[in-house]
Amino acid sequence: MRTETPTAAGLSDVDARATALALVCSAALFSFTFLDPLLLAYFRGADPALIGFWRAATGVGDSGWMIVSCVVAAVAAHRVARRDGRAPRRAALALRRRAVFALASVAGVGGAAALAKLAIGRARPKLSETLGPYHFEPLAFDFKLNSLPSGHATALFAFAAALALMAPRWRPAFYAVALWGALSRTAAGAHYVSD
């Protein structure tokens, strides 16, 4: 039997989760309906130098560097753990566990995002003039039709969440970088903000 414990707001855990889900879905619907067309038009008319900056900055969301850094950290920690004394060995094993956890987070979420992109089939912003911002073709197997969700954004937030669990004091910084990296995808014209 499931017991419900009250939260600080007086809601049960189940009610709090349902409320959070309703808020997230409402924000996504608002973004899909109002922000996507507005930001698409804004960035299409923006200064080319600004767009160039965002296109360069969007590389922060490429999961390749996240995966490579996790693998390098795990391998280095494994080597230290094999040859050094007890205290460094414990620290190295802890670092290896954390690196593998971060790697699994990025890779797992990246795989799920790739499957979701295929299943959803939302057209990318560059096709909005011909197909419109609400065009979907599930299972199209076409890069131009895999805008939702943003792979860069999902990788960034997965990595930020993993790091935030390991270093809670830095949580705001991790999520701020993830947010700006995700928004860079909209500014660069690769995704809608709701993606």
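Helices are DSSP runs of H or I of at least four residues, numbered from the N terminus. The model on screen is a predicted one, in which local features need pLDDT of at least 70 and side-chain atom pairs count only at pLDDT 80 or more, while totals for chains, interfaces and linings use all residues. Residues are numbered from 1 along each chain as its sequence is written, and side-chain values use heavy atoms, with hydrogens and water left out.

**First stop: the cores**

Select Met 66, Cys 70, Ala 102, Val 106, Ala 155, Leu 156, Phe 159, Ala 160, Ala 162 and Ala 178, which together make up the largest nonpolar core. Such a core is a set of buried Ala, Val, Leu, Ile, Met, Phe, Trp, Tyr and Cys residues joined through side-chain atoms within 4.5 Å, where buried means under 20% relative accessible area with a 1.4 Å probe, protein chains only. Two or more of these residues come from each of helix 3 (63–83), helix 4 (86–120) and helix 6 (151–166), and the largest share, 5 residues, belongs to helix 6. A second, separate core of 5 residues can be picked out next, and among its members are Phe 43, Ile 51, Trp 54 and Ala 187.

**Second stop: the pockets**

A pocket is an open set of points on a 1 Å grid over the protein atoms alone, with protein on both sides within 12 Å along at least five of seven lines, and its lining residues have an atom within 4 Å of a point. A volume is the space filled by probe spheres set on the points, which are joined across faces, edges and corners. To find the largest pocket, of about 260 Å³, centre on Ala 153, Ala 182, Val 193, Ser 194 and Asp 195, which of its 17 lining residues lie nearest its centre. Helix 7 gives the most to this lining, with 5 residues.

For the second largest pocket, of about 190 Å³, select lining residues including Leu 40, Arg 44, Arg 55, Lys 126 and Gly 189. Helix 1 supplies the largest share of that lining, 3 residues.

**Last stop: the cavity**

A cavity is a set of grid points where a 1.4 Å probe fits but cannot get out, and the structure holds 1 of 30 Å³ or more. Helix 1 gives the most here, with 3 residues.

Technical notes
Buried means under 20% relative accessible area, exposed over 50%, partly exposed in between (1.4 Å probe, protein chains only).
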